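Thank you for making the time this morning. I would like to walk you through one model, region by region, and I will give the cut-offs for each term as we meet it.

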Amino acid sequence: MRIEILDTTLRDGAQAERVVFSIEDKIKIIRALDKMGVDFIEAGNPGASPKDAKLFEFARDNIALENSRLAAFGMTCRAGAKAEEDAQLLALAACGAGVVSLVGKACAFQVREVLRVPLEENLRMVSDSIRFLTEKGIRVFFDAEHFFDGFARDEEYAMDVLAAALKAGAERLILCDTNGGTLPETTQSVVEKVCSRFGNVVGIHTHNDSGLATACTMFAVRGGAVQVQGTINGYGERCGNANLCTVIPNLALKMGYDVLLSGNLTALSGTARFVADIANLQMDEKTPYVGDSAFAHKAGMHIDGVMKNPATFEHVLPEDVGNHRRYLLSEQSGRGALMLKLKQIAPDIDRDSPEVANIVNMLKKLEADGYAFEDADASLELRILGALGRRREFFRVIDFNVVCRKPEDEKNSQAYVKIGVGNQVEITADEGNGPVDALDRALKKALLRFYPLLGGVRLVDLKVRVVEDRGTESSVRFMMESTDGKRVWSTVGYSSNIIEASFIALSDSIEYLLMLES
């Protein structure tokens with residue numbers, strides 16, 4: 001059985017705090033979702049947003065989707081107004097989308113308290129609005145807003161709203177847990193009742209205010225829902241929506257449903273990270289299936305088990321969702337994890353080689369000093385190559401200096417850097433918003449004429465941790481994450497001087513990319 005996927009990242013997900021998508025952003029995400037193979041992409045509300053109206057106008061003539069259908073979002077006509085005269089409905093009809101998600105009240109309490117119209121008038125608004133669109137050949141998915149709360153308060157009226165929508169021509173009845181407070185068992189029970197009356201036309205749209213959006217979606221499918229709605233990475237208003245990056249693999253790998261296109265599940269992790277990057281939000285690496293920590297193993301016993309058979313400590317293969325397995329080197333992981341790392345970067349080294357003992361001792365000393373490499377794979381690889389005498393010198397830092405002043409504007413720090421590349425020496429300076437930014441700019445500026453590819457590198461995240469608490473004399477660990485737009489890597493620096501710690505991590509970040517590209 002196939003379960004339809006409607007992605008509303010560009011509409012409901014855009015209502016998340018700190019998320020703003022430009023038209024160009026939306027176009028990029030539409031193409032990525034189409035490539036992944038979701039059935040429907042709810043791209044925005046052309047009747048309420050001029051930006052979305054321009055998007056649909058552009059899409060009509062310039063975006064040829066291969067796997068997905070573009071859907072517009074809108075609301076039923078206003079109270080007392082004729083559907084054929086409602087400006088928003090006219091915009092929906094003219095936008096060129098062959099599918100419209102139309103939201104209407106399905107809760108008597110909401111009709112009385114928010115719309116403040118008679119219950120019969122709300123039924124008329126739902127019926128006339130859907131009929132107006134379907135008579136123009138547009139497919140309508142009716143989003144029954146506050147349905148679960150409405151069902152609990154007045155089951156008969158909630159069902160009457162669905163009956164009116166279906167009679168008017170709605171293709172799908174989407175049951176919305178708008179406040180996100182329904183429990184999974186209740187979700188399944190209600191969906192079963194709706195399906196028993198109306199048939200296989202039910203969809204589910206959940207919010208995560210109780211932390212149960214994904215669970216409620218799964219239970220809704222068990223109850224008979226044939227369409228699920230959600231967002232990439234769970235973006236959405238308040239606590240977010242059902243996370244499609246968890247829902248989709250659960251449906252496919254755990255419940256055996258047909259979703260996306262055959263083989264396209266492997267695009268999931270890359271799409272999740274791509275959308276996070278466009279949204280300018282830090283990826284939650286603890287996210288099931290697609291996070292960087294989803295298949296990361298640290299304990300020695302776990303690593304040993306996974307090496308023998310991945311099923312010992314993994315519920316699915318990371319490759320099935322486009323992710324990868326990681327072994328975290330630490331004092332807990334043992335020699336087995338080190339050998340797996342060496343297999344990747346120095347396959348000629350065997351377990352009994354004297355170099356292995358030297359590397360183990362080096363890592364133990366560095367960790368005793370204050371380093372931590374489990375979240376800094378790039379720095380770890382550079383240190384191992386250094387211990388093996390295989391670390392290539394792309395540049396050497398001869399000197400650097402940072403000056404900070406009272407922060408009256410964004411450029412409150414200046415950095416001077418002197419580096420050597422081969423037999424050439426480059427001295428340069430730059431300014432930035434804080435000492436780390438100034439150092440980053442100065443170092444890249446000095447190296448750009450030797451390595452132009454560094455122009456595409458940017459900092460994604462940084463963290464500073466006190467390792468040895470001695471007040472203002474404390475030693476610190478500086479962790480940073482960098483990207484060149486194609487991949488992400490992490491580095492670490494440690495020192496009692498916070499500027500030096502940051503500079504070590506910055507230098508490692510640049511050196512690692514140069515190593516990858518050499």
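Predicted model: local features only at pLDDT ≥ 70, side-chain atom pairs only at ≥ 80, totals over all residues.

**The open sheet**

Residues are numbered from 1 along each chain as its sequence is written, and side-chain values use heavy atoms, with hydrogens and water left out.

Strands count as paired if DSSP finds at least two bridges between them. In that sense, strand 15 (residues 475–483) and strand 16 run antiparallel and are joined by eight bridges. They belong to an open sheet of three strands, in the order 14-15-16, with antiparallel pairing. Strand 14 (458–468) and strand 16 (488–495) are the edges, and because each has a single partner strand, one side of each is left without a neighbour in the sheet. From one strand to the next the twist averages 15 degrees, where axes are lines fitted to C-alpha atoms, for helices over the stretch in contact, and angles run from 0 to 180 degrees between N-to-C directions.

**The cavity**

What lines the largest cavity? A cavity here is a set of points, on a 1 Å grid over the protein atoms alone, where a 1.4 Å probe fits but cannot get out; a pocket is an open set with protein on both sides within 12 Å along at least five of seven lines, and lining residues have an atom within 4 Å of a point. Grid points are joined across faces, edges and corners, and a volume is the space filled by probe spheres set on the points. The count comes to one cavity of 30 Å³ or more, and the largest cavity holds about 40 Å³. Its lining includes Asp440, Lys444, Arg458, Met480 and Ile510. Helix 17 (498–517), helix 16 (435–447), strand 14 and strand 15 each supply at least two lining residues, with helix 17 giving the most, three residues.

**Thr428**

Thr428 sits in strand 13 (residues 424–432). Is Thr428 buried or exposed? Its relative accessibility is 12%, so Thr428 counts as buried, given that buried means under 20% relative accessible area, exposed over 50% and partly exposed in between, with a 1.4 Å probe and protein chains only. Leaving aside neighbours within four places in sequence, Thr428 is in contact (heavy atoms within 4.5 Å) with residues including Ala415, Tyr416 and Lys445.

Elsewhere in the model, a closed barrel of eight strands runs 1-2-3-4-5-6-7-8, with parallel pairing, and its twist averages 25 degrees from one strand to the next. Helix 7 (residues 155–167) packs on this sheet, touching strand 4, strand 5 and strand 6 (172–177), and its direction makes about 150 degrees with that of strand 6. Helix 10 (residues 244–254) lies across strand 1 and strand 8 (227–230), running at about 175 degrees to strand 1.

Two loop residues follow strand 1. Thr8 lies in the loop between strand 1 (4–7) and helix 1 (23–36), and it is buried, with a relative accessible area of 0%. Its contacts, sequence neighbours within four places aside, include Glu42, His205 and Asn241. Arg18 has its place in the loop between strand 1 and helix 1, yet Arg18 is exposed at 66% relative accessible area, and its phi is near 75 degrees, a positive value in a residue other than glycine. His146, in the loop between strand 5 and helix 6 (147–153), also is not a glycine and has a positive phi of about 55 degrees.

**The second largest pocket**

Finally, the second largest pocket contains about 480 Å³ of space. Of its 24 lining residues, the closest to the centre are Phe73, Met75, Val103, Lys105 and Glu145. The largest share of this lining, three residues, comes from strand 4.

How values were computed. Helix = DSSP H or I, 4+ residues; strand = E, 2+ residues; numbered from the N terminus.
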